[in-house]
Amino acid sequence: MQIILSVQSLTKKFEDFTAVNGISFDVETGSIFAFLGPNGAGKSTTIKMLTTVLKPTSGEIMINGFNALKEQDKARASFGIVFQDRSLDEELTAYENMEYHAVIYKVPRKEREDRIRQALEIVGLWERRGDYVEKYSGGMKRRLEIARALVHYPKILFLDEPTVGLDPQTRNSIWSHIKRLNEEKGMTIFLTTHYMEEAEAVADQIAIIDHGRIIESGTVEEIKKRTETESLEEAFLKLTGRDIRDDNVPGNKMRTIRGMRRRGRY
Amino acid sequence: MIEVIYILWLRQLKHYWRSKARLLGSLGQPVLFLVAFGFGFGPMYAKASGGENYMDFLAPGIVSMSILFTAIFSGLEVIWDRQFGFLKETFVAPISRAEIMLGKTLGGASIAMVQGLIVFCLTYVLGFRVPGLRSLGLGLIFMFLIAIFFTGFGLAIASKMKDMHGFQLIMNFLIMPIFFLSGALFPLENLPPAIYFLSRVNPLTYGVDGMRGAFTGISVFGIYNDLAIVGSLSALICMVGAVLFSKIEA
């Protein structure tokens, strides 16, 4: 069993609030790992630290054998990321967005065109490569972002809520692209989502985070067994409670309403 | 490294070239200033200075103005990149922040330079003449340095801003004073001490003075002093910008 991503006692504090509190986990090479949790649980903060956008207060991250803090550039070259919110230049064409990415990720010049073509063909956008991104629909933008994250042949792909706000057809097609990448290219997938049935359908391993700590992890079957529930959604609700959380913006002051910080109220 | 800088530069030029409205719109102000001030104050200036041509004085000032505004805007464009999420895409790539800073500075400065050259050609139409190739070359160097400095300055400011809310503040309390107290429109003589002091700590003052010296021979501080000051300030702002950039968390 090979480990592509290893996280040791990772912690992030914002002033008086601890968003992520000493979490540790390993992700196996070639697996699909789902990282779940209610809003404000510490998911986005964790993914930001894993992708070197945010500096951890303490803890260690090893990606593809590289220390994400000390060998930042090597770690960065090892992963691809699709951010939760949009990150395309809409005044450029799809192809220009891809080319920009290929250059800043130092893809050799000779391979660039082929790789861009491959990636765009995977998500079915090659024919539309010359269009300005602002003309794209939400689903096409998402697919373009996935294609872009593939151009530098990452070993692990981070997907932060890749299907949020998309119609069922597009969600379906995005998941089938993702599964195919995983099965055919052996690419490790690390994803977050709020759609439990999606996580249940694709994930080999699951970790559930709440209040900055991992409260449960394992395969879907193991989690259902331990929580004595029928589906991942039920297990999730049983573990994290039914209270509605405050959504919050990482980086700003983060807090959930204290009265709601009870777990397992059912 | 060169390719990374090139693609960052190219992206900015594409934005500039594709936005024709912006291209044309940003020419409106310098043209208006040239015409209104040039013809409005021209006779007064001639009388006060004993027959000098105001256009000779004003043209380098207005060229500086258009470079100043274009450069600052290009620098501040990073704030849009941040709001539209594109900055993150650039920041998680395996490239250094210094490269990003350099690429963006050169991109913004090139746009400002193009804008400055367009205005420079317009001044020709209004009767402004440069004596020879040597003064033209020197003048172009000053234009480029002003462009570099203020793009870097805009980037440094942008690295500290989360969104465009502070834009008016920066425009009215920083950029407009820099412009008005630079000697672009009127000579910096017989001023009250406070204004005199402000004009002397204003980087644009030396840029305008140097460019005017190069193009027309009228210089207060001496062209080579101006060149040394503007040159070292440009290098300094690039370094400061690179440090500030390295601290941004996207």
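This is a predicted model: local features need pLDDT of at least 70, side-chain atom pairs count only at pLDDT 80 or more; totals for chains, interfaces and linings use all residues.
**Entry 1: chain A as a whole**

I began with the secondary structure of chain A, which comes to nine helices and 10 strands. I then looked up how compact the chain is: the radius of gyration of chain A is 19 Å, close to the 18 Å that the globule rule gives for 266 residues, so chain A is as compact as a globular protein of that length. Along the principal axes, I noted that its C-alpha trace spans about 55 × 40 × 40 Å.

Next I turned to burial and contacts. Of the 266 residues in chain A, 55% are buried, and among the contacts with a separation of 6 or more, 67% are between residues 24 or more positions apart. For the surface I wrote down an accessible area of about 12,000 Å², with 45% of it belonging to carbon and sulfur atoms.

I picked Thr188(A), which is found in strand E8, a strand made of residues 188-192. Is Thr188(A) buried or exposed? Its relative accessible area is 0%, so Thr188(A) is buried, given that the cut-off for buried is under 20%. Setting aside the neighbours within four places in sequence, I listed the residues in contact with Thr188(A), among them Ile4(A), Val27(A), Gly30(A), Lys155(A) and Leu157(A).

I then went to Glu90(A), which has its place in the loop between strand E6 (79-82) and helix H3 (94-104). Glu90(A) has a relative accessible area of 29% and is therefore partly exposed, since that class lies between the 20% and 50% cut-offs. Beyond the neighbours within four places in sequence, Glu90(A) is in contact with Tyr132(A), Val133(A), Glu134(A) and Lys141(A). I also looked up the distance from Glu90(A) to Asp114(A), and these two, 24 residues apart in sequence, are 23 Å apart in space from C-alpha to C-alpha.

**Entry 2: chain B as a whole**

In chain B I found 10 helices and zero strands, so its pattern read along the sequence is α-α-α-α-α-α-α-α-α-α. The radius of gyration of chain B is 18 Å, close to the 18 Å from the globule rule for 250 residues, and chain B is therefore as compact as a globular protein of that length. The box filled by its C-alpha atoms, taken along the principal axes, is roughly 60 × 40 × 35 Å.

I noted that 54% of the 250 residues of chain B count as buried. When I took the contacts between residues at least 6 apart in sequence, 79% of them join residues at least 24 apart. Chain B exposes about 10,900 Å², and carbon and sulfur atoms supply 73% of this area. Its charges are 17 positive and 12 negative, with mean positions 4 Å apart.

Helix H5 of chain B covers residues 97-125, and Lys104(B) lies in it. I found that Lys104(B) has 4% relative accessibility and so counts as buried. Apart from neighbours within four places in sequence, Lys104(B) is in contact with Arg11(B), Gln12(B), Val78(B), Asp81(B), Thr151(B) and Leu155(B).

Glu99(B) lies in helix H5 as well, and with a relative accessible area of 8% Glu99(B) is also buried. Which residues does Glu99(B) contact, leaving aside neighbours within four places in sequence? I found Met1(B), Val4(B), Ile5(B) and Leu8(B) in chain B, together with Lys106(A) in chain A. The C-alpha atoms of Glu99(B) and Leu126(B), 27 residues apart along the chain, are separated by 41 Å.

**Entry 3: where the chains meet**

Finally I looked up the contact between the chains, which takes 29 residues from chain A and 23 residues from chain B. The size of an interface is often given as the accessible area lost when the parts come together. Between chain B and chain A the buried area is about 2,500 Å², and carbon and sulfur atoms give 54% of it. On the side of chain B, the residues that lose the most area to chain A are Glu89(B), Val92(B) and Pro94(B), which together make up 27% of what that side buries.

Key: Residues are numbered from 1 along each chain as its sequence is written. Chains are lettered from A and ligands numbered from 1 in the order in which they are written. Side-chain values use heavy atoms; hydrogens and water are left out. Helices (H or I, at least four residues) and strands (E, at least two) are DSSP runs, numbered from the N terminus. The radius of gyration is taken over C-alpha atoms; the globule rule is 2.2 Å times the number of residues to the power 0.38. Buried means under 20% relative accessible area, exposed over 50%, partly exposed in between (1.4 Å probe, protein chains only). Contact means heavy atoms within 4.5 Å. Accessible areas come from the Shrake-Rupley method with a 1.4 Å probe; for residues, only the protein chains shown count as cover. Lys and Arg count as positive and Asp and Glu as negative; His and the chain ends are not counted. The place of a charge is taken as NZ of Lys, CZ of Arg, CG of Asp or CD of Glu. Buried area is the accessible area (1.4 Å probe) that two parts lose on being put together, summed over both.
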